[in-house]
Amino acid sequence: MSERRAVPLDERVILAMGGGGFTMEPSNPLLDDFVLGLSDADAPRILFLPTASGDQTAQITAFQARFGDRLCQPEYLSLFRLRDLRRPLAELVLEQDIVYVGGGSMRNLLAIWRAHELDEALVRAWERGVVLVGLSAGAMCWFAAGVTRSSGPPEPIEGLALLPGSLTVHADGEPERLPVWLTGVRAGELPGGWALDDGVGLLFRGRALERAVSSRPGAGAQRVDAIAGELVRKRIEPELLGDRPAAALGAIDDSIAELRRVRRIQRGIGGRESGIGRP
Amino acid sequence: MHARPPQIVALGGGGFSMEREGSLLDDFVLSLTGCARPRVCFLPTASGDADHYVVRFYRRFSPGCDASHVSLFRRDQGVGGVEEDVAAHLLGQDLIYVGGGNVVSMLGAWQAHGLDEVLRKAWRKGVVLCGPSAGSLCWFEEALSAFHGAPRGVRGLGLLPYSNCVHYDAEPGRRAEYARFVGDGMVGGFAAEDGVALHFTRRRLVGIVSSRRGARAYHVRATADGVAETPLPARYLGEEDGSVDAREDAAPARASTPRRRRRRAAALPLAV
């Protein structure tokens, strides 16, 4: 892989999901197909980071099940089982088209990334046009702040601040998290930001929100700011993925998907040498 | 709580996670607690709190101990083992057993949860600390970690003012790498082969024991002419040495036969 160069701000892409994708929606591929469509590559190199879960086997297996037979080059990187990786982590991250971060403990996620200096590598990857994707802890980590349950009860936590504002996730699935976030925003301890239901993804170009998409009817998002000590809440209606021609949403149209599948078989896409886990 | 001096048992590899008959080293560590039924808490952080590792811990320690574990990854799901105040729980133990895995990931997660300070306090208070691999390296000032790619130096908690190297016999090149690091300025220290345990009281090495006949530890330090490696014999804990009475219920495990000695379970990612 040749050296990637920095791209202009509006070509830096992050998709933050409140929940959903292969770990939470094993029978609903809408968000994950949308993810693959975010890269221009025919067969994007997609790297899964299960760090926040402690590299749980179940997450890795789900990743393999979802992406193993799609047109892409899936790999995962376990920071607890690095034995066979003989290359610098930063190099591996920079040669990806997409980096997909799983859910779990946000506190552990950031601490372990820092210990391995992977946080800096991910920032550099974003600056060079690698699409960053994540759900739950893996979504909040890109913002200035989030709400974590890493120690049990929900509490505010700082993120990497590639994106302005704060994010809270599972707004519908884990109702105890939202009030802590709202209280933090009202008190000025947390910057204003977004609350996402499970199945909702916010697509950022540069630091600006471009689109909101969803894999589930009825799932929504809200933007919340504190103005003069009062909360101003604005509902965001996401586009429901899959209910109109998929190509228009950036996902893969069926016939194209079929064509790509055939090409993939013809080219025998598979093992590249990197010495890490691969579906 | 018994009045005990600060103690650490650093395993070069071995114990319940690596040896099918891993009772010898584990029994030795348990004997240091001086309790009939010790409170033993497992920290599987370095493995990412791998479920199978936790299960094996309970299988080994539940019968004779009040066993518990602390997970730093599953606390939001209510399956993190200890649910109350983790610091208070750890400080109330007789033995804290730290599992193997990746020492860099483990130290990062500990720091984020404040466990580095808690473990320091526990040590001073007389809670026996032990572990293999990453669970050994973490107690030292510096350590040689070869878990990922080229070996690197890692700063540990610094309870012991030495460096440490584990699996000294198991990985080719480990010995030369350690010598190189010590020659380049890493503080001198101790290397242990698989099945060897270094026993420290306060900051002093007071004993070396082993679950394998002939296994050794080494003292490695920089000298005027380079790096000196001094072999340190270990006291074999098995049947031929009657002087170590680990615990009464350890008797069946101590009847180890040559056939069993080197058999190991290879299921775990325990390199450092």
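First, conventions. Residues count from 1 along each chain as its sequence is written, and chains are lettered from A, ligands numbered from 1, in the order in which they are written. Because the model is predicted, local features need pLDDT of at least 70 and side-chain atom pairs count only at pLDDT 80 or more, while totals for chains, interfaces and linings use all residues.

I start with chain B. It has 9 helices and 14 strands; these are DSSP runs numbered from the N terminus, H or I of at least four residues for helices and E of at least two for strands. Chain B has 272 residues, and 54% of them count as buried. Buried means 20 or more other C-beta atoms within 10 Å of the residue's own, exposed means 12 or fewer, and partly exposed is in between, with C-beta atoms placed from the backbone. In chain B, 70% of the contacts with a separation of 6 or more are between residues 24 or more positions apart; a contact needs C-beta atoms, placed from the backbone, within 7 Å.

Next, the contact between the chains. Chain B gives 22 residues to it and chain A gives 24. On the chain B side, the classes are 9 nonpolar, 10 polar and 3 charged. Here Ala, Val, Leu, Ile, Met, Phe, Trp, Tyr, Cys and Pro are nonpolar, Asp, Glu, Lys and Arg are charged, and the others, Gly among them, are polar.

Helix α4 of chain A, residues 106-115, packs on helix α4 of chain B, residues 103-113, at about 130 degrees, with the axes 8 Å apart. Axes are lines fitted to C-alpha atoms, for helices over the stretch in contact, and angles run from 0 to 180 degrees between N-to-C directions. That makes α4(A) oblique to α4(B), since under 35 degrees is roughly parallel, over 145 roughly antiparallel, 65 to 115 roughly perpendicular and the rest oblique. The residues that meet include A:Arg107 and A:Ile112 in α4(A), and B:Val104 and B:Leu107 in α4(B). By class, this helix contact has 7 nonpolar, 5 polar and 2 charged residues.

How many residues of α4(B) are buried? The count is 10 of the 11, so the helix is largely enclosed by the rest of the structure. Among them are B:Met106 and B:Trp110. The buried residues of α4(B) pack against α4 of chain A, and against α5, α6, β6 and β7 of chain B. Just after the helix, B:Gly114 has a positive phi of about 75 degrees.

Now strands in chain A. Strand β1, residues 13-17, runs parallel to β5(A) with 4 bridges, and A:Ile14 is the bridge partner of A:Leu132. Strand β4, residues 98-101, also runs parallel to β5(A) with 4 bridges, and A:Val101 stands opposite A:Gly134. Strands pair if DSSP finds at least two bridges between them.

Last, an open sheet of 6 strands in chain A, with mixed pairing, in the order β7-β6-β8-β9-β12-β13. Strands β7 and β13 of chain A are at the edges with a single partner strand each, so one side of each has no neighbour in the sheet. The twist averages 25 degrees from one strand to the next. Within chain A, β8 and β9 run parallel, joined by 3 bridges, and A:Ser166 stands opposite A:Gly193.

Key: Contact = placed C-beta atoms within 7 Å.
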